[in-house]
Amino acid sequence: MDAVDEFEFFLEKDWSDGLPVVTPTEARLVRMLSGTCRSPDELIGTVPPVRGRATVRSVAIHALMAGCKPEYLPVVLGGIALVLRDEFNLNGVQGTMHGVAPLMIVNGPYARKIGLHGGNGCFGPGFRANASIGRAIRLMLFNLGGAMPGAGSATIFATPLRYTACVTENSEHSPWESLSVSRGYSLEDDVITCAMVESPRLTFDDTNRDPQRLLTGIADSMSAMGSWNMHTRANMVVAMSPEHATLCVRAGMARADVHRRLCELAGRKVRDLKGGGNWRRERALALPIKVDPDDDECFIPAIKNPQDLHLIVAGGWGPCTAICHGWAGVSRSVHGIYEV
Amino acid sequence: MANGLQFIDPTEPRSGNPVNSAARPADLAGKVLGLLDNRKEQADVILRTLADALRERYGVARVVVRHKEHHSKLAPDALLDEMAGEVDIAIAALGG
């Protein structure tokens, strides 16, 4: 047999995201499986739409292909279990024309232990745990779920967030409790939250120190006419830099105060929405909140249910907030403790 | 290494069996037509227009309409089984 270049082989088989993968060998699989006590044959679920089986073994294969260390495996196992929950509606997202990805926000001591990064540059390249854990999830959505563009996915643009989508919060510099603690988990719990969102859109504001003005600018970015948040009930992630969050704290605002204020400020009046974007009268009538599409003064909030807004503190020092809009289909965020 | 190479096939066997297409009827005269509305906006309008045309031009006898819970969610097996038992031919709305 001619010598096979394993890197080329995997790329030719459509078993990667377009970048080389670590070749899965039995020896590497054994090493990866040392990252968990769970049985390799344990079934976690099947990945839609083609229903490939996510077992501890097949998850470990993809984790090693993605470049994970064995100690990352518990996070990958926890993440794939969450994205397979019914309410997350992965099936719809796998096929959708839109371009969203399951963003994992990992809180708790284990995230710190394995070096998940929530600071300077956290949505971008350069951090092995973030890059490889999110990539492992994506490789499974492709290889086990069949959601390749042109095959199982009708996505128009996809999103760079489909290479990898895993962050933690900047717990060292956050002035507030974490997202998971705000939901009632303890500081010691290792928790993953997943929300189906677009890539971050940055709101740079080095002008306003008054939270009212700062949050007004952020809320404007949350209320883009073309975002699905204005036309359906959808998730949104707002990641404030420690500096922006600290400006709010100095004015006496707790995390819950900022969350509430953003829910109040973000939105548009019917008159604006009728001017373009994705407005349809029947869409407005189908919203899960009471609106009057014939009243130009009626205010339609971007956040239809406060549970849909995931406010975190991440990124490095500097005056910027990252906003990830949500998806039109019915995908409710999911969160839970994962086993380490 | 079932592949004879020194690495593991990362894909897993798919669950479920391949689905074969049903036989197509030669004509629609006297047949029962099922419409599966996926609840995207205007899907009902398009399906109703189709049904009217098929009744008028091809003699469809009766039309049965069913709805998915949401366009992005799978139709439950029970709904599909019920339709399969009642209709001769079905049209499903797709996309939006």
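1. The second largest pocket of this predicted model has a lining of 25 residues. Nearest its centre are Gly124(A), Pro125(A), Ala131(A), Tyr163(A) and Thr164(A). The space in this pocket comes to about 450 Å³. Two elements of chain A, α7 (128–143) and β4 (166–168), each give two or more residues to the lining.

2. Within that lining, α7(A) has the largest share, with 5 residues. By residue class, the lining of the second largest pocket holds 15 nonpolar, 7 polar and 3 charged residues.

3. Turning to the interface, chain A brings 33 residues into contact with 18 residues of chain B. The area buried between the two chains is about 2,200 Å², and 61% of that area comes from carbon and sulfur atoms. On the chain A side, Trp15(A), Arg53(A) and Val330(A) supply 18% of the area that chain A buries against chain B, which is more than any other three residues give.

4. How many salt bridges does the rule find across the interface of chain A and chain B? There are 2. A salt bridge joins the side chains of Arg283(A) and Glu41(B), with an N to O distance of 2.7 Å. Polar contacts across the interface of chain A and chain B involve 6 residue pairs, counted with both residues at pLDDT 80 or more.

5. Several elements of chain A give two or more residues to the side that touches chain B: α1 (6–12), α2 (26–33), β2 (52–55), α3 (56–66), α5 (90–95) and α13 (281–285). The largest share of this side, 5 residues, belongs to α3(A). The residues of chain A that face chain B divide into 13 nonpolar, 12 polar and 8 charged.

6. Two points of backbone geometry in chain A can be checked in the model. The peptide bond between Pro48(A) and Pro49(A) is cis, with omega at about 5°.

7. Where does Asn89(A) lie? Asn89(A) is in the loop between α4 (73–83) and α5 of chain A.

Key: Residues numbered from 1 in each chain as written. Chains lettered and ligands numbered in written order. Predicted model: local features only at pLDDT ≥ 70, side-chain atom pairs only at ≥ 80, totals over all residues. Heavy atoms only, no water. 1 Å grid on protein atoms, 1.4 Å probe; cavity = no way out; pocket = protein on both sides within 12 Å on 5 of 7 lines; lining within 4 Å. Points joined across faces, edges and corners; volume = space filled by probe spheres on them. Helix = DSSP H or I, 4+ residues; strand = E, 2+ residues; numbered from the N terminus. Nonpolar A, V, L, I, M, F, W, Y, C, P; charged D, E, K, R; others polar. Contact = heavy atoms within 4.5 Å. Buried area = accessible area lost by both parts, 1.4 Å probe. Salt bridge = Lys/Arg side-chain N within 4 Å of Asp/Glu carboxyl O. Polar contact = N/O pair within 3.5 Å; in protein donor to acceptor, adjacent residues only side chain to side chain.
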